[in-house]
There are 4 protein chains.
Amino acid sequence: MTVPHHHAVLLLSCPDQVGLVSRITHFIFERGGNITDLEEHVDESSQRFTIRVAWDMQGFTIPAEALPEAFAPLGREFQADWHISFTDKRPRMAIMVSGYDHCIQDLLWRHKRGELNCVIPLVISNHRDVEKLCAFYEIPFEYVPVSKENKGEQEAYEIELLRSHEVDVVVLARYMQILSERFVNAFPNRIINIHHSFLPAFVGGNPYRQAFERGVKIIGATSHYVTEVLDEGPIIAQDIIRVSHRDMVKDMIRKGRDLERIVLARAVKAHLEKRVLILGRRTVVFD
Amino acid sequence: MTVPHHHAVLLLSCPDQVGLVSRITHFIFERGGNITDLEEHVDESSQRFTIRVAWDMQGFTIPAEALPEAFAPLGREFQADWHISFTDKRPRMAIMVSGYDHCIQDLLWRHKRGELNCVIPLVISNHRDVEKLCAFYEIPFEYVPVSKENKGEQEAYEIELLRSHEVDVVVLARYMQILSERFVNAFPNRIINIHHSFLPAFVGGNPYRQAFERGVKIIGATSHYVTEVLDEGPIIAQDIIRVSHRDMVKDMIRKGRDLERIVLARAVKAHLEKRVLILGRRTVVFD
Amino acid sequence: MTVPHHHAVLLLSCPDQVGLVSRITHFIFERGGNITDLEEHVDESSQRFTIRVAWDMQGFTIPAEALPEAFAPLGREFQADWHISFTDKRPRMAIMVSGYDHCIQDLLWRHKRGELNCVIPLVISNHRDVEKLCAFYEIPFEYVPVSKENKGEQEAYEIELLRSHEVDVVVLARYMQILSERFVNAFPNRIINIHHSFLPAFVGGNPYRQAFERGVKIIGATSHYVTEVLDEGPIIAQDIIRVSHRDMVKDMIRKGRDLERIVLARAVKAHLEKRVLILGRRTVVFD
Amino acid sequence: MTVPHHHAVLLLSCPDQVGLVSRITHFIFERGGNITDLEEHVDESSQRFTIRVAWDMQGFTIPAEALPEAFAPLGREFQADWHISFTDKRPRMAIMVSGYDHCIQDLLWRHKRGELNCVIPLVISNHRDVEKLCAFYEIPFEYVPVSKENKGEQEAYEIELLRSHEVDVVVLARYMQILSERFVNAFPNRIINIHHSFLPAFVGGNPYRQAFERGVKIIGATSHYVTEVLDEGPIIAQDIIRVSHRDMVKDMIRKGRDLERIVLARAVKAHLEKRVLILGRRTVVFD
């Protein structure tokens, strides 16, 4: 078995103009890069060009550490938002969770199984329920109980914790506390939540009860980036499952658990593999 | 090929109590009825018992016309809402439509193909677009243009038309006028609409544009009974289709057409086969 | 919170005749049973009547242990295959597994979470991979390595083990050994397997590779009862997931893992709740 | 409303090598073409590079008719299979059909609605059932009855007809005759069929009966290119629908009709928009 080569991944968006693909791929080609994956998309409504290009770093004439500087002139010229990452530098992902364990046990299992290319330096919870589970998967667990009185203080501590662990992305795996503006702004576009409804239906609390009372025939789950407005952030992934008159709220909760963990895992995987670009309230998710 | 026997179908809901299934099925059994289909459901949240029973009328000792009177004492005792229908008496269904033809062409084709067991005595439209289509399927077409000025008058005429044709159910196959309270009350629980979103998301106008702007990854369609509150009636059927960042509003409209016609056809078929019971804002849809 | 009442569940199939539902429900009614769930189905092709009835044992005038004898005369008269179970007597389920842990970790988690109403007296494996997982969930683990030479002997030991633990059902959660006829016959209609394809497509080994080479756009998983003929037993549950040209065999394997565990869990749950009746090569799965 | 610009679409596959995207996009860029859509994929198993690029012809410095010759040197160098088409030159599509009308009525309606960018110069049928439907949509209808005796002769006539109408693609919309090798070879990779099963399950006749007898819980439909081996051609699109024990063969046929027409329409649309590349037994279908 051969060791897989490391790859560079460029994720870029900018105002559309003629020649972008040609010039970007030429930049890679003339430095000896073999493109292994490329997807581009021009968003008609915003006239914004978006691209994800991955190439083999073997034989590439510029070392990884010098690449951002080499690409910077093109980025400036295109007025682009861009980021280059490398598959051998695994992102650091923290998980925050409350009492329900279905999402976190799924993430930890996938991580161990090699489905999620990241390091998990810590799990933060305001309950002790998943402490043993974290021990089983050998992931550091930090208990940070939150009350009305200490919420501000504890959030400051959590931000500190996440920063000291150099966390790149925070996953809310059914974390039942509403994050403050300060927290959200500390990790812009880097907090991923799972909401247990088909957003924008059933914003807020108790979405399965809301769904039951409205008499819907399908329930859903939505994974999205967290912004300052509750349940309004850009959507990364959604999925649904059928329900019938036989399904009471408790059945929806049970069926929903399967949905939530799969949708969250898909969103997390897409984010970790640098497949997600944010365009205002929408996302581009390259396959 | 043998002629299929006619069947009776009892649809009933009442407060739950011990012995309901036994007593209802005994009523049928002692009169020589062979039950061919039975589904019951007790709704936990309302403690209401619901049942659909179909039985073969061949050899049944009471003629169809005398059956309602014979069952009435049981119905009273159970304080039930109930209705008995017969498969050889086809319901009369009118279709109202505006300019878009995808739903009506699908319904007319299914009707001709034998999928929908009903008579279609007329199609009403405020446009002439589907007139030729109706002629092709030999369904009477009535042009009733509506303007701000004549709306009340024209609605009165439509109600008159529907009544004179002894219509049992009215299907709004993308009829783009909002019906007045008077119209809705003239056909309670007998008007079926198709809304081009996954209700309760995107109530009101331009749901595909709303969906695009919110950046959802799945769009839906919902068929429901029409009540006085717009898009709030009990849901009969829903379905969804995936979209991606590649889908602009026009693509959602195209993909949604396939969805809308299939969801509407399913709801109409369930209603015509007496499979739908209304429980407040929810429905029981027997398979 | 009130303790839920215990229920009896009758699962019955017999040649169709007039009056079956009436007489069965009357049997329950006259002994004071409140039916909480009833589904019946007449299979047109075999003219076989099938029913599942659940009723509350509180206030029922016959004790659980005397019920089978009381029902026996009706069963004989109807020439029925029937079985009565009680929700307070949890079935005993063994799991057999090889190296892949996705199905077993899912089953053990669901079991702990209360989704599967059963006792798991043991896990048998021909590998040690899941031993720690079983310890975490406090389920007895039995290591039974199998080689060409000892296969017959080890199978005999396994049958002995399963019998001594009074196992009601055996779940093959990706157990990679083909069971002998003797083993299958020791637990007729009580061994549930998960096959990682949409049966009957891709019978046998390496179904994902077969799927890849055939270029299908959808892959599936199938849970079925094990019979003497490989991959030919009655199907309980199936589901699918989309793939594209971007998915190599390894991606299908990854996507398939999500599918396999959900399909297996659904089949196991339906079996444990006595919702599955076998009609030759087909099954009736009551909702 | 502005007239949409015409676009060129290059569809190309060749052995993978460094620099392909760069050189192809550079070819377009240096001639003033604005790329509006690009997808590429390297098939790992065959090490074949595939690409679809669309660009605006407005301001392009080479006229459409000279483009193939201009691109030919690159094509040769890359040892590529390639084809350039133009959105203002609509492909010519013939439909062959027998007695069932669900697929053809759907295609003709979509064509009229503008969903399928093609010309339909004729419909060929061995029955007269859809003659009126064709008249309604103003599509020429050719009745070519086929018997055991005249089959060879009639096929020769059909090939002649299709050639004289300069047909680019032939769609078998439930055409119930097996085409001869000669016919298939006359239109290589240009005949699209709909098979009413989830291939490779249930090859051959009566797939719904086969599905019923096997007791599957999901049925499917498959659209594929026709090759000399029955039901073995490269798959373009597949979809599925759930069935239960309540569904007899006739119900599967009814449910399957919705599936067949949607799957066939998707495959036809993808082919017409030059989104499909064949790689041996598999296809690449760009979104």
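In this predicted model, helix H7(D) passes helix H8(D) in a right-handed crossing. H7 of chain D spans residues 207-214 and H8 of chain D spans residues 249-272, and the two pack with their axes 9 Å apart, at an angle of about 125 degrees. Two packed helices are described by the angle between their axes and the distance between the axes. On the H7(D) side the meeting residues are D:Tyr208, D:Arg209, D:Ala211 and D:Phe212, and on the H8(D) side they are D:Val249, D:Met252, D:Ile253 and D:Gly256. Sorted by class, this contact of H7(D) with H8(D) holds six nonpolar residues, one polar residue and one charged residue.

Strands of a sheet pair through backbone hydrogen bonds, either parallel or antiparallel. In chain A, strand S1 (residues 7-15) takes part in two antiparallel pairings. With S3 (residues 48-56) of chain A, S1(A) pairs in the antiparallel sense over nine bridges, and in that pairing A:Ser13 stands opposite A:Thr50 in S3(A). With S4 (residues 81-86) of chain A, S1(A) also runs antiparallel, joined by six bridges, and here A:Leu10 stands opposite A:Ile84 in S4(A). In chain C, nine bridges join S2 (residues 34-43) to S3 (residues 48-56), and these strands run antiparallel. The bridge partner of C:Glu40 in S3(C) is C:Ile51. S2(C) and S3(C) form a hairpin with four residues between the strands, in which C:Gln47 takes a positive phi near 50 degrees.

Chain A can be laid on chain B by a turn of 180 degrees and a shift of 0.0 Å along the axis, with an RMSD of 0.0 Å. Among the residues of chain A, A:Ala201 comes closest to this rotation axis, its C-alpha lying at 2.3 Å. The two copies use the same surface, since 96% of the contact residues of chain A recur in chain B. The contact itself brings 26 residues of chain A together with 25 residues of chain B. Helix H7 (207-214), strand S11 (235-242) and strand S13 (282-285) of chain A each supply at least two residues of the side of chain A that touches chain B. By class, the residues of that side divide into 12 nonpolar, seven polar and seven charged.

Chain D meets chain A in another contact, which takes 14 residues from each of the two chains. On the side of chain D that touches chain A, the elements that give two or more residues are helix H1 (20-29) and strand S2 (34-43) of chain D. S2(D) provides the largest share of that side, with seven residues. The residues of this side of chain D divide into six nonpolar, six polar and two charged. A rotation of 180 degrees, with 0.0 Å of shift along its axis, superposes chain D on chain A with an RMSD of 0.0 Å, and that is the relation of a two-fold axis. Here too the same surface serves both copies, as 100% of the contact residues of chain D recur in chain A.

Terms used: Residues numbered from 1 in each chain as written. Chains lettered and ligands numbered in written order. Predicted model: local features only at pLDDT ≥ 70, side-chain atom pairs only at ≥ 80, totals over all residues. Axes fitted to C-alpha atoms, helices over the stretch in contact; angles between N-to-C directions. Left-handed = near helix turned anticlockwise from the far one by under 90°. Contact = placed C-beta atoms within 7 Å. Nonpolar A, V, L, I, M, F, W, Y, C, P; charged D, E, K, R; others polar. Least-squares fit on C-alpha atoms with pLDDT ≥ 70 in both. Pairing = 2+ DSSP bridges.
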